[in-house]
Amino acid sequence: MSGGASPLAGHVEVLPSDDGPATEARFAVGTAETVLPGHYPGFPIFPGVCLVECAHQSALATVPDGAKGAELEAVESTRFTGPVFPGDTVDISLGWKATGDGHWQCRAKLTTERGNAASVRLRFRTQETPEAAA
Amino acid sequence: MSGFVIGQRDIRARLPHRFPMLLVDRVVDVVPGERLTALKAVSCNEPWYEKLGPETPDEDFGYPKSLLVESWCQSAGVLATWDDPNPDVLDGQVMLFGGMTGVEFHRPVLPGEVLEHRVRLDRRVDDTVLFEGESRSAGETVMTVGRIVMAFRPAEALRPPP
């Protein structure tokens, strides 16, 4: 699904849901993550954009039936609220909603054991939008 | 495009990022306190492409959108710290990525393209700087940035918990 180029070496794990579609995912920030030697040398911090990438990949892995083939069109908003370090596990809560005209919004809240790390709102577009068909 | 304002030596004296996360190649225009244009060449030799096999479709070679944002933000960082650079994340005032709104992606960017990041400093309020702008390639806008927020904080703000 998300087989393209990515800054993440690890994989997002979608947690099974007992009732309805999955809304929880998890990403373990390994010490061997590709970005860490350069961000920063001697002081590794998991970059904020990699948290956005975690949200993106979690979204693609939990995409609702009506939004299959959805592609990231925009980062509507993101707030970074706490640093993430190697060894942390990032818990990701997701909420999808259709916003019309083939667009979908996915809100993601990312937390570590120390508390909030980021909130991310992504906009996706499905293939079958009126613009694409025009 | 042969002339440039600063190259790698000076960029590395301004940003703490290093391989594989130093995503600004050169700065070709700057008006300090106002705007900056930087270039970043996308290459299939970047580590994000390492695992892609022979069956990978063309579209999966799109440059990761998250790194497109990072590259633009690093260009904003060069502008924000033009008069007072600090490439040390362990000391002094460090620049933190506070957030973003309205970042739109218009088409995929593929290896071989040269991104031109255009950064405009919108406002500076105390220790917070707001930017807007876009990224272009081959005469087309590939990303628009509604707003990026950078905050300057003491280096201790980044320290991991004991």
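A cavity is here a set of points on a 1 Å grid where a 1.4 Å probe fits but cannot get out. By this rule, the predicted model holds 2 cavities of 30 Å³ or more. Rolling a probe the size of a water molecule over the atoms shows where empty space is left.

The largest cavity has a volume of about 60 Å³. Its lining draws on both chains: chain A provides A:Val49, A:Val52, A:Glu53, A:His56, A:Leu72 and A:Val75, while chain B provides B:Lys65, B:Ser66, B:Val69, B:Met100 and B:Phe105. At least two lining residues come from each of α1 (48–61) and β3 (71–80) of chain A, and likewise from each of α2 (65–80) and β3 of chain B. The element that gives the most is α1(A), with 4 residues. By class, the lining of the largest cavity comprises 7 nonpolar, 2 polar and 2 charged residues.

The second largest cavity, with a volume of about 30 Å³, is lined by B:Tyr63, B:Lys65, B:Leu68, B:Phe105, B:Arg107, B:Pro108 and B:Val109. This lining divides into 5 nonpolar and 2 charged residues, with no polar ones.

B:Glu113 is placed in the loop between β3 (93–105) and β4 (114–125) of chain B. Is B:Glu113 buried or exposed? Its relative accessibility is 15%, and because buried means under 20%, B:Glu113 counts as buried. In sequence B:Ala41 is 72 residues from B:Glu113, yet their C-alpha atoms are 6.0 Å apart in space. The side chain of B:Glu113 makes a polar contact with the side chain of B:Arg107 at 3.1 Å. A polar atom of the B:Glu113 side chain also lies 2.8 Å from the backbone nitrogen of B:Leu110.

The discussion now turns to the interface between the chains. Here 33 residues of chain A are in contact with 35 residues of chain B. Between them the two chains bury about 2700 Å², of which 67% is on carbon and sulfur atoms. Of the area that chain A buries against chain B, 22% is supplied by A:Ala5, A:Phe43 and A:Val49, more than by any other three residues.

The largest pocket has a volume of about 1000 Å³. Of the 50 residues that line it, B:Val94, B:Met95, B:Leu96, B:Phe97 and B:Ala151 are the closest to its centre. Two or more lining residues are given by each of α1 and β3 of chain A and by each of α2, β3, β4 and β6 (140–154) of chain B. The largest share, 7 residues, comes from β3(B). The lining of the largest pocket divides into 27 nonpolar, 13 polar and 10 charged residues.

The second largest pocket contains about 610 Å³ of space. It is lined by 23 residues, and nearest its centre lie A:His56, A:Leu60, A:Glu71, B:Glu59 and B:Asp60. The elements giving two or more residues to this lining are α1 and β3 of chain A and α2 of chain B; α1(A) gives the most, with 4 residues. The lining of the second largest pocket has 8 nonpolar, 10 polar and 5 charged residues.

Note on methods. Residues numbered from 1 in each chain as written. Chains lettered and ligands numbered in written order. Predicted model: local features only at pLDDT ≥ 70, side-chain atom pairs only at ≥ 80, totals over all residues. Heavy atoms only, no water. Buried < 20%, exposed > 50% of the residue type's maximum accessible area, 1.4 Å probe, protein only. Polar contact = N/O pair within 3.5 Å; in protein donor to acceptor, adjacent residues only side chain to side chain. 1 Å grid on protein atoms, 1.4 Å probe; cavity = no way out; pocket = protein on both sides within 12 Å on 5 of 7 lines; lining within 4 Å. Points joined across faces, edges and corners; volume = space filled by probe spheres on them. Nonpolar A, V, L, I, M, F, W, Y, C, P; charged D, E, K, R; others polar. Contact = heavy atoms within 4.5 Å. Buried area = accessible area lost by both parts, 1.4 Å probe.
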